[in-house]
Amino acid sequence: MSSAPFLVAPLDAAHDRTVFNSGSEPLDRYLREVVTQDIRRRVTACFIALADGQRIAGYYTLASASLFLADLPATTAKKLPRYPTVPVVRMGRLAVDQAFKGQGLGGALLADALDRATHSEIAAYALMVDAKDEAAAAFYRHHGFIALPGLSLTLFLPLATAIASRKTDNKRFSPI
Ligand SMILES: CC(C)(COP(=O)(O)OP(=O)(O)OC[C@H]1O[C@@H](n2cnc3c(N)ncnc32)[C@H](O)[C@@H]1OP(=O)(O)O)[C@@H](O)C(=O)NCCC(=O)NCCS
């Protein structure tokens, strides 16, 4: 949408990470002090939402990962091949600056991550997330993620489900 106030882009050195304030010090510190090393070592990718073309309003990280087939719910596992692990994309972190909370940006960044995972040429079964606490897990459940049995803070959304829900319910993950 042309009136969209946010632009999503890969993080680069020109972006000012010092003023970002999500209310979660570990997530803010990670963006400030650690993420550029992780990008350089090719263990994570980081995408930011920019307000006014320059201020970081939110960010998330993506990396390759895998889940043990045995950890998935039985109803999911039985539809998958009997390999020990299932390839997934991991969204390690997601945070929105307090000044921009409650405006749909968190949901839009989640949609952006699902789009990138879906359109990758490298196959992945699902987007998985590590929620930092029960409130974060509730945010992901609200968006259709399913917790692993016995691991309530590790959740996944099959990419086929995300594609199907984008087709039938465009409002669910609104564009940025
Ligand atoms: C969780 C977080 C990313 C949400 O971002 P946000 O921009 O405020 O959320 P949105 O405005 O996009 O909300 C989208 C939807 O999720 C819902 N939602 C937001 N937080 C929720 C929560 N904790 N539990 C359940 N639903 C939640 C909203 O009500 C909204 O619902 P709707 O689309 O039906 O109206 C943000 O609050 C944040 O950065 N928190 C601190 C860090 C954090 O917890 N990160 C999570 C990963 S570890």
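**Exercise 1.** Work out which elements each supply at least two residues of the lining of the largest pocket.

*Solution.* Step 1: go through the helices and strands, which are DSSP runs numbered from the N terminus (helices H or I, at least four residues; strands E, at least two). You end up with α1 (25–40), β5 (94–96), α3 (105–119) and α4 (134–142), each supplying at least two lining residues. Before going on, note that this is a predicted model, where local features need pLDDT of at least 70 and side-chain atom pairs count only at pLDDT 80 or more, while totals for chains, interfaces and linings use all residues. Residues are numbered from 1 along each chain as its sequence is written, and side-chain values use heavy atoms, with hydrogens and water left out.

Step 1: find the top contributor. That's α4, with four residues.

Step 2: look at the whole lining. There are 25 residues, and L27, L94, A95, K132 and A136 lie nearest the pocket's centre. A pocket here is an open set of points on a 1 Å grid over the protein atoms alone, where a 1.4 Å probe fits, with protein on both sides within 12 Å along at least five of seven lines; lining residues have an atom within 4 Å of a point.

**Exercise 2.** Now describe the second largest pocket.

*Solution.* Step 1: its volume is about 280 Å³. Step 2: 15 residues line this pocket, with A63, S64, V89, S120 and I122 nearest its centre. Step 3: β2 (45–51), β3, β4 (85–91) and α3 give two or more residues each. Step 4: β3 gives the most, with four.

**Exercise 3.** Which residues come nearest the ligand?

*Solution.* Step 1: 19 residues are around the ligand (a heavy atom within 4 Å). Step 2: L94, V96, G104, G106 and G107 come nearest. Step 3: check backbone N or O atoms against ligand oxygens. One from G107 lies 2.8 Å away, one from G102 lies 2.9 Å away, and one from L105 lies 3.4 Å away.

**Exercise 4.** Is T61 buried or exposed?

*Solution.* Step 2: T61 has a relative accessible area of 2%, so call it buried (under 20%, with exposed over 50% and partly exposed in between; 1.4 Å probe, protein chains only). Step 3: leaving aside neighbours within four places in sequence, list its contacts (heavy atoms within 4.5 Å): T61 touches Y30, V35, T44, A45, C46, R90, M91, G92 and R93.

Note on methods
Points joined across faces, edges and corners; volume = space filled by probe spheres on them. Polar contact = N/O pair within 3.5 Å; in protein donor to acceptor, adjacent residues only side chain to side chain.
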